[in-house]
Amino acid sequence: MPIKSNNSQLDSSINTAKSQKLERHRVNWLPPLALLAPSGIWLLLLLLLPTLIIFQLSLVPNIRPGDLVNPSGLNNYIRILEPIYLKVIFHSLFLAISTTISCLILGFPVAYWIALMAPKRWRNLLLLGFVLPLWTSSLLRSYAWITILRPTGLLNSLLTSIGLPALELLNRNPAVLIGMSYSLLPYMVLVLYASLEKLDQQLLEAAADLGANPIQTFWQVTVPQVFPGIAAGSLLVFITALGDFIDPELLGGASSMTAARLVYNQFLGATQNWGFGSALSMTLILMVSIAISLLIKFGEVKPKQ
């Protein structure tokens, strides 16, 4: 009997300890859940649920406003594979990639100079100068570029005044690239500046002491250290450029059809095919998700063993 009594007391103590541990675990999780609840509800209502609704609509062929939602297959996604729509998607990718490359080429020297070479007392003011264009409407910025790039605009007037031929840029891809690069360049500069500001300059001095020339130092020391910033800035510009609607619409004209404009036409244009527009939207979401996944997987610099 005493042995059984001791065993029962031991089991009771173990159960009590387990219950107390579980209770502490629940209590420890309550504050984080309370903090995450507002943002979680916000994401659920404004991101997850609308995305699920768009996915449901993408499974309904030829649906219009007021029609019953009856998902019936992947016909809308199969339609995207038609050459005319694949051409639009590839054109959107071309514009987004070209804008990303141009912003990286133009933004890296500027961010490098501000972060490492400009006087510290002027850095915040210089960054503010790059942020100022973001304070104006993107629509106004596009109309400003129309004024500059049109046949009788400021650029061609300047070229003809010095004896050079006028350029036909408006309603063409170069005008779209100029407008998108101008709009997204501040984002690239800000992200690169945040990364370059943390650059370990002692490594640059060590590379110079070991005989590395500036080009070798740049590619073997600077770029590996700031690669996460390069990847983050490029992804930010790529995603924004892929979904840009205003610049291709105003600066590209009818010759510059993009996926974002095609989605707009399906929802608010004359065609009114919400199912196909939803399928195009889900395709863009998939592209962005793949880009983010690649950034998460390869964007972090791993120390060499």
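**Figure 1. Residues 125–146 and 226–246 in the predicted model.** Over residues 125–146 the chain is 73% helix and 0% strand, with the end C-alpha atoms 29 Å apart. Residues 226–246 are 86% helix and 0% strand, and their end C-alpha atoms are 31 Å apart. Helices (H or I, at least four residues) and strands (E, at least two) are DSSP runs, numbered from the N terminus. The unreviewed UniProt entry lists both ranges under "transmembrane region"; such annotations may be inferred rather than shown by experiment. This is a predicted model, in which local features need pLDDT of at least 70, side-chain atom pairs count only at pLDDT 80 or more, and totals for chains, interfaces and linings use all residues. Residues are numbered from 1 along each chain as its sequence is written, and side-chain values use heavy atoms, without hydrogens and water.

Figure 2. Serine 195 lies in helix 7 (residues 173–196). Serine 195 counts as buried because its relative accessibility is 16%, buried meaning under 20% relative accessible area (1.4 Å probe, protein chains only). Leaving aside residues up to four places away in sequence, serine 195 touches Gln225, Val226 and Gly229, where contact means heavy atoms within 4.5 Å.

**Figure 3. The largest cavity.** The volume of the largest cavity is about 40 Å³. On a 1 Å grid over the protein atoms alone, a cavity is a set of points where a 1.4 Å probe fits but cannot get out, and lining residues have an atom within 4 Å of a point. The lining residues include Ser92, Met180, Asp244 and Thr258. Helix 3 (83–117) and helix 9 (214–242) each give two or more residues to this lining.

Technical notes:
Buried means under 20% relative accessible area, exposed over 50%, partly exposed in between (1.4 Å probe, protein chains only). On a 1 Å grid over the protein atoms alone, a cavity is a set of points where a 1.4 Å probe fits but cannot get out, and a pocket is an open set with protein on both sides within 12 Å along at least five of seven lines; lining residues have an atom within 4 Å of a point. Grid points are joined across faces, edges and corners, and a volume is the space filled by probe spheres set on the points.
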